[in-house]
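Colleague: I am new to this structure and would like to learn how to read its features. Could we go through them one at a time?

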Amino acid sequence: MIDAPEALPASRGGVLDRSPAPLSGSLPASAAEPLTPSTELPGSLTDSASPRTPIVRATPVEEIVVLDYGGQYSQLIARRVRDCGVFSELLPHHVALEEIARRKPRGIILSGGPASVYADGAPPLDQGLLELGVPVLGICYGMQLLVHTLGGRVEQAEVGEFGRSDLVVAESGVLLKGMPREQTCWMSHRDTVYEAPPGFTALASSSSSPVAAVEDSARGIYGIQFHPEVVHTPYGQAILTRFLTEICGCEPTWSAASIVEEQVRRIRQQVGDASVICGLSGGVDSSVAALLVHRAVGEQLTCVFVDHGLMRKDEGEQVIKTFRDTFRVPLVAVDAETRFLDKLAGVSDPEAKRKAIGAEFIRVFEEEASKLAKASGGRDARFLVQGTLYSDVIESGGGTGAATIKSHHNVGGLPDDLKFELVEPLRALFKDEVRAVGAELGLPERLVWRQPFPGPGLAIRIVGGEATKERLDVLREADHILQEEIRKAGLYRELWQSFCVLPDVRTVGVQGDERTYGYVVVLRAVTSDDAMTADWARLPYDLLETIASRMINELREVNRVVLDITSKPPGTIEWE
Ligand code: XMP
């Protein structure tokens with residue numbers, strides 16, 4: 001499988017879900033703010049749901065369907081449901097009623113969204129949903145839609161309600177039973193519910209929302225104006241849990257162990273006794289996918305690990321050691337450094353570098369696949385393992401079963417005419433679930449928690465110039481120091497990515513009595529949830545000092561270390 005990096009495409013949810021605490025250690029006073037991007041929900045919750053096709057799912061587990069009305073946090077709702085141990089799937093709001101019914105969900109959640117229920121073209125509610133005999137919970141727009149459709153009153157308020165709000169629970173009903181009378185919650189709306197529909201009980205209010213929660217427990221219809229899925233609603237997870245367990249009657253059975261069991265069964269069914277090939281990058285997605293397939297079909301799987309010489313220090317050996325020695329996975333490791341460096345000679349333009357690396361990767365992979373076929377008497381591998389994640393499925397609007405090879409990464413993007421059938425054991429999983437499955441399968445912590453690393457590797461971190469062996473080695477050593485110190489400080493997991501950049505410039509310095517003319521190393525460390533937005537990490541000063549002085553003392557070629565304090569936007573995470 002060819003999932004070179006762990007860099008996921010945009011997920012619209014998730015910006016708020018794990019606001020990390022400020023990095024530990026002694027923070028500079030001016031930098032003691034938490035490290036997440038803005039925690040405000042943007043007023044305009046972007047586009048309405050794109051036409052997506054549901055994923056083909058054969059898993060016979062209890063399921064909650066989350067209907068996406070285009071809210072920024074729809075994915076997050078699905079993730080939170082899974083955090084409660086219940087499988088959930090995010091489907092577009094316009095999916096056919098039969099499609100939903102076919103899944104026999106235990107409950108349905110209607111997400112938030114940017115539209116006004118009374119506006120022309122607003123996504124409507126298929127009232128057939130309410131006849132399926134399963135509980136329905138509307139969140140934000142989802143609640144307004146229920147209220148509006150069932151005869152309550154929704155209007156635009158004078159002022160919107162964005163951010164933290166105080167919620168007062170007047171009547172706990174079934175949904176809010178056991179919750180404190182006063183609590184904070186996170187709101188993001190301008191339209192407001194003024195009157196609950198006939199037959200409903202208004203449960204709670206906030207200063208700007210006369211009706212902030214409603215229910216008609218006899219019909220199994222519930223609505224909340226606030227966002228239970230974000231961490232800023234402290235009782236949000238408890239409310240979701242209550243809906244799932246007490247109201248929908250779900251058992252919390254969705255776990256890493258159950259995923260492994262289910263996937264192993266499905267892979268065996270799909271693959272039979274055919275051969276399978278997997279491009280291993282050392283990233284968590286390809287590692288977990290490979291281990292799942294190996295657990296399912298053992299030696300029918302061969303992994304191909306292409307070491308392009310652009311990896312971090314010792315990373316290639318770690319991958320080989322883990323898979324070949326520890327897990328005894330049949331592994332072909334190709335040392336292709338020279339080939340890749342030859343292709344990179346004289347190339348400075350970042351896109352040209354990416355292209356050169358991508359094309360060479362495909363060549364090497366094809367060569368190895370045909371060698372394997374020859375070795376097995378001309379029997380080609382029929383299957384290719386691919387680490388597609390659920391976020392990829394959602395974002396690409398895919399899921400029709402006509403899977404495409406990931407195209408958003410240019411290393412490892414294999415051409416369409418490779419005649420493999422895909423095995424995609426992570427297709428229903430979010431990233432954190434992939435990590436949990438990796439841990440369940442015994443993958444070493446270092447691999448489970450590896451930060452994303454771009455497919456073209458260090459080559460795109462030598463900016464403005466050629467990625468020569470000499471520069472790559474300097475960068476690799478600098479990066480190694482950074483990683484060592486970040487890990488020592490216990491900050492590795494708190495950072496989305498931490499790495500060094502080596503611009504093709506030299507600056508003057510003085511060391512001892514000598515004037516030097518050396519490389520500048522740029523330190524880049526960011527926090528992020530999904531790489532769509534990122535904030536520069538406020539690393540402790542002492543740590544920065546240790547890193548800088550180690551680099552200058554230990555690396556003869558380096559005489560200056562600088563820190564990149566640009567967030568994304570306006571910057572990108574990588575420099576090229
Ligand atoms: P930017 O720099 O666009 O990066 O903020 C977002 C995420 O994508 C990763 N990235 C890449 N991954 N091939 C990859 O496989 C690439 O060419 C590439 N460029 C950027 C980056 O590391 C970050 O996680």
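Colleague: Which residue lies over the face of Phe499?

Modeller: This is a predicted model, so every value here is computed. Arg461 is placed over the face of Phe499, and its distance from the ring centre is 3.7 Å. A second case involves Arg506, whose charged end sits over the ring of Tyr519 at 4.0 Å from the centre.

Colleague: How many aromatic pairs does the structure hold?

Modeller: A pair of aromatic rings is described by two values, the distance of the centres and the angle of the planes. The structure holds 6 aromatic pairs. One of them is formed by Phe361 and Phe365: the centres are 6.5 Å apart and the planes meet at 10°, so this pair is stacked.

Colleague: Where do Phe361 and Phe365 lie, and how many residues apart are they?

Modeller: Both belong to helix 9 (residues 350–375), and because they are 4 residues apart, about one helical turn separates them. Phe361 has 10% relative accessibility and counts as buried. Phe365 is also buried, at 1% relative accessibility.

Colleague: Is the pair of Tyr390 and Phe430 stacked or edge-to-face?

Modeller: Tyr390 and Phe430 form an edge-to-face pair, with 5.3 Å from centre to centre and 75° between the planes. Tyr390 is in helix 10 (residues 390–395), while Phe430 is in the loop between strand 14 (421–423) and helix 11 (431–440), so the pair ties together parts that are 40 residues apart in sequence. Tyr390 counts as buried at 1% relative accessibility, and Phe430 counts as buried at 2%.

Colleague: Is Ser88 buried or exposed?

Modeller: Ser88 has a relative accessible area of 0%, so this residue is buried. Ser88 is part of strand 2 (residues 87–92). Leaving out residues up to four places away in sequence, Ser88 touches Ile64, Val66, Ala78, Val81 and Arg82.

Colleague: Next, the backbone. Which residues does the cis peptide bond with omega of about -15° join?

Modeller: Most peptide bonds are trans, and most residues other than glycine have a negative phi. The cis bond with omega of about -15° joins Lys568 and Pro569. The bond from Pro569 to Pro570 is cis as well, with omega near 10°. Pro569 is in the segment after strand 20 (558–563), and Pro570 is found in the segment after strand 20 too.

Colleague: What is the phi of Asp314?

Modeller: Phi of Asp314 is near 65°, which is a positive value in a residue other than glycine. Asp314 sits in the loop between strand 11 (301–307) and helix 7 (315–326). With a relative accessible area of 36%, Asp314 is partly exposed. Arg328 also has a positive phi, near 55°. The loop that holds Arg328 runs between helix 7 and strand 12 (331–335), and Arg328 counts as exposed at 61% relative accessibility.

Colleague: Which residues is Met551 in contact with, leaving aside its neighbours within four places in sequence?

Modeller: Met551 is in contact with Ala478, Ile481, Leu482, Cys500, Val521, Leu523, Val558 and Val561.

Colleague: How many disulfides does a search of the whole structure find?

Modeller: A disulfide is a covalent bond between the sulfur atoms of two cysteines. The search of the whole structure finds 0 disulfides.

Terms used
Residues numbered from 1 in each chain as written. Predicted model: local features only at pLDDT ≥ 70, side-chain atom pairs only at ≥ 80, totals over all residues. Heavy atoms only, no water. Phe/Tyr/Trp six-rings, centres within 6.5 Å; stacked < 30°, edge-to-face > 60°. Helix = DSSP H or I, 4+ residues; strand = E, 2+ residues; numbered from the N terminus. Buried < 20%, exposed > 50% of the residue type's maximum accessible area, 1.4 Å probe, protein only. Lys NZ or Arg CZ within 6 Å of the ring centre and 35° of its normal. Contact = heavy atoms within 4.5 Å. Disulfide = S-S within 2.5 Å.
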